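Student: I am new to this structure. Please take me through it step by step.

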Amino acid sequence: MQIISLNGEWNLKGKNQTVSDDALINIKATVPGCVQLDLSDTGYLPSDLFMGLNIKEAEKIEDYEWWYEKEFDFYRGFHKGGNPACAGDGKGIRAEQRTE
């Protein structure tokens with residue numbers, strides 16, 4: 001089996017689902033990671049979420065829908081044939097191809 005790591009820099013996008021005219025958030029993010037830490041790293045949330053009442057600032061993003069995006073060549077380095085797939089294991093995301 002061949003594996004390509006997809007860990008690293010991604011784009012994180014978020015849109016408020018309760019306010020129709022709210023702007024789309026579009027920031028750089030790190031995978032593996034989480035929305036709150038990525039927002040903290042880019043200044044949308046306080047840099048230390050666990051200091052004082054800073055964690056309450058995260059409430060303002062609870063109504064957002066979030067998605068991570070990354071462009072990559074899915075077939076790069078894979079042999080013809082096989083069964084390519086994307087998988088996540090809690091430690092990251094990878095593309096893999098089984099050739100059994």
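**Exposure, strands and contacts**

Student: At what relative accessibility does E69 count as partly exposed?
Tutor: Start with the scale: buried means under 20% relative accessible area, exposed over 50%, and partly exposed in between (1.4 Å probe, protein chains only). E69 counts as partly exposed because its relative accessibility is 32%.

Student: What kind of model is this?
Tutor: Residues are numbered from 1 along each chain as its sequence is written, and side-chain values use heavy atoms, with hydrogens and water left out. Local features need pLDDT of at least 70, side-chain atom pairs count only at pLDDT 80 or more, and totals for chains, interfaces and linings use all residues; the model is predicted.

Student: What pattern does the protein follow along the sequence?
Tutor: Helices (H or I, at least four residues) and strands (E, at least two) are DSSP runs, numbered from the N terminus. The protein has one helix and six strands. Read in sequence, they give β-β-β-α-β-β-β.

Student: In what order do three strands form an open sheet?
Tutor: Strands pair if DSSP finds at least two bridges between them. Here the pairing is antiparallel. The edges are β3 (25-31) and β4 (64-69), each pairing on one side only. The order is β3-β2-β4.

Student: Which residue in β3 stands opposite K13?
Tutor: Look at the faces of β3. I25, I27, A29 and V31 make its covered face, while N26, K28 and T30 make the uncovered one. The residue opposite K13 is N26.

Student: How far apart in sequence are the parts that K28 and E9 tie together?
Tutor: A salt bridge is a side-chain nitrogen of Lys or Arg within 4 Å of a carboxyl oxygen of Asp or Glu. K28 and E9 meet in one, at 4.0 Å from N to O. K28 lies in β3 and E9 in β2, so the pair joins parts separated in sequence by 19 residues.

Student: Are K28 and E9 buried or exposed?
Tutor: K28 sits on the uncovered face of β3. For both K28 and E9, the class is exposed.

Student: Which strands hold E69 and K13?
Tutor: These two also form a salt bridge, with the closest N and O atoms 3.1 Å apart. K13 counts as buried, because its relative accessibility is 18%. The pair ties together parts that are 56 residues apart in sequence, so look at the ends: K13 lies in β2 and E69 in β4.

Student: How many salt bridges does the structure hold?
Tutor: Another is E59 with K56, whose closest N and O atoms are 3.1 Å apart. E59 is partly exposed at 43%, and K56 is partly exposed at 47%. A count over the structure gives four.

Student: With which residues is V35 in contact, leaving aside neighbours within four places in sequence?
Tutor: Contact means heavy atoms within 4.5 Å. V35 belongs to the largest nonpolar core. Its contacts are L12, I61, W66 and Y68.

Student: What is the angle between the planes of Y64 and W66?
Tutor: Rings of Phe, Tyr and Trp (its six-membered ring) pair if their centres lie within 6.5 Å; planes under 30 degrees apart count as stacked, over 60 as edge-to-face and the rest as tilted. The search of the whole structure finds one aromatic pair. Y64 and W66 form it, stacked, with 5.3 Å centre to centre and a plane angle of 15°.

Student: What is the relative accessible area of Y64?
Tutor: Y64 is a member of the largest nonpolar core. Y64 is buried, and its relative accessible area is 15%.

Definitions and conventions: Core = buried A, V, L, I, M, F, W, Y, C linked by side-chain atoms within 4.5 Å.
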